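Reader: Hi! I have a structure open and would like to talk it through with you. Could you help me read it?

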Amino acid sequence: MKSQKGLGRGLDAIFGSEPVDVKLKPMSQMTEIEIADIIPNPTQPRKQFDEEALDELADSIRQLGVIQPVTVKKTADGKYILISGERRWRAARRADLKTLPAYIREVDDENLHAMALVENIQRQDLNAIEIALGMQRLIDECHLTQDALSEKVGKKRSSVSNYLRLLKLPDEVQLALKEGLISMGHAKAIAGAPEEQQLRVLKRCIKKGLSVRQVEELVRMLAEAQAKPAPGAEEEYPESYSRLVEQLETYFSEDISIKRSKNGGGKIVIGFNDDRDIERFIERFTKHA
């Protein structure tokens with residue numbers, strides 16, 4: 001028998017290879033449960049539900065019914081706590097259904113919480129930051145190592161590390177990723193930049209519409225520049241130099257630097273990616289002439 005995708009794989013991983021009656025009894029056959037008797041999981045990680053998407057799902061349920069049963073745990077007072085399927089439960093209520101198809105599992109509170117976290121991580125509509133936060137909650141609240149976490153969520157150890165690294169990025173980078181202004185590939189590349197340069201890289205990435213590869217190259221150049229040993233004490237340039245760089249960035253490409261020599265002179269170095277950048281520079285100067 002093939003294992004279930006997504007949720008099934010993750011939940012199986014939680015309980016390992018021990019006999020099922022040690023921690024979790026197998027699912028019963030599907031049964032119909034009164035919607036009024038079902039309550040959401042108080043530890044459910046997901047707090048926000050798209051109202052328009054719920055209305056669309058409710059319309060679908062009115063026409064086709066609930067195709068995929070929810071999964072619940074029965075409580076001592078005869079109620080049922082949702083393990084997975086809160087979105088379906090909410091939409092079914094909007095569709096005025098009285099009952100809902102459900103599987104009933106017997107599970108303790110600790111594993112109920114872990115199941116909810118894993119189910120949340122494996123949803124298809126999460127952005128990378130939401131997945132990373134879910135993974136961090138599993139580590140913190142279920143006392144897991146990254147190796148154990150990778151097994152439980154069915155992801156490679158390297159993928160888990162990449163997600164968790166996102167949480168160390170500045171808030172501005174995390175917000176840009178959540179809002180779709182950059183991809184996870186961009187964010188991973190930005191994470192490789194020196195901390196004091198990450199916001200600058202983000203700004204250039206969004207402003208110039210850089211590809212992931214271009215961001216990686218920019219980060220590589222910044223890292224190389226930082227690694228070069230200074231001949232003596234690092235010289236602090238006047239604040240006007242930074243203002244000049246900001247002004248030049250409105251015209252030029254992603255790499256601009258100012259070098260000052262001992263005699264007080266120096267040079268401004270302007271980087272570019274290809275010959276098309278030169279043509280764009282000419283166009284910009286022509287417009288401002």
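Reader: So, in what order do the five strands of the open sheet come?
Author: The order is β1-β5-β3-β4-β2, and the pairing is mixed. Strands here are DSSP E runs of at least two residues, helices are H or I runs of at least four, and both are numbered from the N terminus. Two strands pair if DSSP finds at least two bridges between them.

Reader: Before we go on, what kind of model is this?
Author: This is a predicted model, where local features need pLDDT of at least 70, side-chain atom pairs count only at pLDDT 80 or more, and totals for chains, interfaces and linings use all residues. Residues are numbered from 1 along each chain as its sequence is written, and side-chain values use heavy atoms, with hydrogens and water left out.

Reader: Thanks! Which strands stand at the edges of that sheet?
Author: β1 (31-34) and β2 (38-39) do; each has a single partner strand, so one side of each is left without a neighbour in the sheet.

Reader: And how does β1 pair with β5?
Author: They are antiparallel, with four bridges between β1 and β5 (residues 99-105). T31 has A102 in β5 as its bridge partner.

Reader: Which strands does α4 lie across?
Author: Helix α4 (residues 86-94) lies across β2, β3 (70-74), β4 (80-84) and β5, and runs at about 125° to β4. Angles run from 0 to 180 degrees between N-to-C directions, and axes are lines fitted to C-alpha atoms, for helices over the stretch in contact.

Reader: New topic: at what angle do α6 and α7 pack?
Author: Helix α6 (residues 128-141) and helix α7 (residues 146-153) pack at about 120°, and their axes are 10 Å apart.

Reader: What about the end of the numbering I'm looking at, how many bridges join β6 to β7?
Author: Five bridges join β6 (residues 256-260) to β7 (residues 266-270), and the two run antiparallel. I258 is opposite I268 in β7. The two strands form a hairpin with five residues between them, and G264 in the turn has a positive phi of about 100°.

Reader: Last one: how many helices and strands does the chain have?
Author: The chain has 14 helices and seven strands. Of its 289 residues, 38% are buried, meaning under 20% relative accessible area with a 1.4 Å probe, protein chains only.

Notes. Contact = heavy atoms within 4.5 Å. Buried < 20%, exposed > 50% of the residue type's maximum accessible area, 1.4 Å probe, protein only.
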